[in-house]
Amino acid sequence: MTTYPMIDEIVRAFKAEGRIVIVGASLAGLRAAEALRDEGFAGSLTIIGDEVHEPYDRPPLSKQVLKGWVPAGNTKLPRLRAVDADWRLGVAATGLDRDNREVLLANGDKVPYDRLLIATGVRSRAWFNPEEAKLKGLFTLRTSDDAAKIQEAFRARPKRVLIVGAGFIGSEMASVCRDLGLDVTVAERSSAPLVGPLGGVIGDIAAKMQRDAGVDLRTGVAVEALEGDADGHVRRAKLSDGTTLDVDVVVASLGSVRNIEWLEGAELASGFWGVACDAGCRAFDINGVVTDNIFVAGDIARAPHVLYEYQFMAIEHVDAAVLGAQTAAHNMVHLEKGRRPHLPLPQFWSGQFGVNIKGVGVCSFGDEIVFTQGSVEDLRFAAAFGKNGRIVGAITFNHGKWLEYYARLIEKSAPFPPPPPGYDVPANSEVMSARFGDPRAPTGIPDVVLTGHDPTSRGAEFRAKSR
């Protein structure tokens, strides 16, 4: 009779001698590495990143850095413990050889692994016209280097800044411009700012905030072309409504693109929304078979969520990246019953125009909204989003102390509209349409995306495995 080692013996052996490679040297990659060491992993650990910088914090880039309060290079993430890793920074992963369990690098190196964590995150969507993208004074914001360039451009006191896109990042940059006394125009395809993540009702409030702060907000328009001077510096922008703007600086805030190109040919379930994985962060292959040695965490991960009809959820939030990385690390060094799920309740915050905006759940999953507390006129309120008679998300403006209350309601699928908290009832507490726009619009894409199966779609393609 054949005998097999006990599971705990296998785990101990892997913790002592296994090889783990993390592709992605940002927040998720760093926290996963720390969690692996906390879990007792003593084997070989390699961290690969395409930027030369050590892991740094991204949220301050659109706020404190652009205001000039903090140099772009001073947002390095704190190390919570030593990770004793082989850092391969400044070299991108270009391929994944699953047959030989190797990560292929741009410099020709091949890095072997026993288990792999994919945490390559997202990048800013590039300007749509390649020739115009070469113009000086045109920027995107994602990296520390991007923030440093924009900070320098703002410091030069341009006559007018044009921000293309009024999502959270675009709106925060517009707020920074007004704080710095810069004239700024915001061009947004949707009917108002923040329509993608929060809908038109909240978008109207955000639009008034911007205009009251002196922002030249243009909604329902697109930037069709940029023109430069003889030196190749951007000077004019042509809008879809026929108007032309004189501008010195343009920041394109057109959403993000998942960094999945390096996985082409690896036969994983990777695509526009990232890499599909189960609730334990294990990647799926192209036919929906779960892998045992490849895990996913951070912005690039998309996993089913029990609270949202088991649809696949992609989240671009700091807390989700940290918790996902810790869950992936735990599951990489455990087997079967020792593994645990990653089922985050998304939470986010934004500071703009003197208002602290905090949210919980997936507001864009809802189709109705109700103001539950406070005063819209005073920009101090809470609102809940609902679908099919249950609460699915909530947003607060300068009222963040109540976020935990709404989180508990969402976690237990409480009814919508939710029970009143007992006081601070708003003047208007009628349920209304949340007025979400077309989620396919580049600037209308929410920062939490449900990418579940659509039975009306005929765009799926079956690709048989090559072996």
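**Briefing: sheets, cores and domains of a predicted model**

Six strands make up an open sheet of mixed pairing, in the order β3-β2-β1-β7-β21-β20, where strands are DSSP runs of E of at least two residues, numbered from the N terminus, and two strands pair if DSSP finds at least two bridges between them. At the edges of this sheet stand β3 (86-89) and β20 (282-284), each with a single partner strand, so one side of each is left without a neighbour in the sheet. From one strand to the next, the twist averages 30°, with axes taken as lines fitted to C-alpha atoms and angles running from 0 to 180 degrees between N-to-C directions. The model is predicted, so local features need pLDDT of at least 70 and side-chain atom pairs count only at pLDDT 80 or more, while totals for chains, interfaces and linings use all residues. Residues are numbered from 1 along each chain as its sequence is written, and side-chain values use heavy atoms, with hydrogens and water left out.

**Strand pairing**

- Strand β26 (residues 368-375) runs antiparallel to β27 and is joined to it by seven bridges, with R380 in β27 as the bridge partner of S375.
- The hairpin formed by β26 and β27 has four residues between the strands, and L379 in its turn has a positive phi of about 55°.
- Seven bridges also join β27 to β28 (residues 390-397), again in the antiparallel sense, and G386 stands opposite I391 in β28.
- The hairpin of β27 and β28 has two residues between its strands, with N388 in the turn at a positive phi of about 50°.
- Strand β27 (residues 380-387) is mostly covered, since six of its eight residues are buried, that is, under 20% relative accessible area, with exposed meaning over 50% and partly exposed in between (1.4 Å probe, protein chains only).

**Nonpolar cores**

- The largest nonpolar core has 73 residues, and those with the most contacts inside it are F154, I163, I202, Y308, I395, F397 and Y406; such a core is a set of buried Ala, Val, Leu, Ile, Met, Phe, Trp, Tyr and Cys residues joined through side-chain atoms within 4.5 Å.
- Helix α6 (residues 195-212) supplies the largest share of this core, eight residues, a helix being a DSSP run of H or I of at least four residues.
- Beyond its neighbours within four places in sequence, F154 is in contact (heavy atoms within 4.5 Å) with L66, V161, V176, C177, L180, L182 and V249.
- Another core, of 29 residues, lies apart from the largest one and includes A33, I47, A297 and V322.

**The surroundings of T372**

- T372 lies in strand β26 and is buried, with a relative accessible area of 10%.
- Leaving aside neighbours within four places in sequence, the residues in contact with T372 include A382, A383 and A384, as well as P418, P421, D424, V425 and P426.
- The side chains of T372 and Y406 are joined by a polar contact of 2.7 Å, a term for a pair of N or O atoms within 3.5 Å in which, within protein, one must be able to donate a hydrogen and the other to accept it, and residues adjacent in sequence count only if both atoms are side-chain atoms.
- T372 and N428 are 56 residues apart in sequence and 8.6 Å apart in space, C-alpha to C-alpha.

**Domains**

- The protein is divided into domain 1 (3-64 + 73-123 + 257-338), domain 2 (132-254) and domain 3 (354-433), with bounds that come from an automatic or database domain assignment.
- The centres of domain 1 and domain 3, taken over C-alpha atoms, are separated by 34 Å, and five residues of domain 1 are in contact with nine residues of domain 3.
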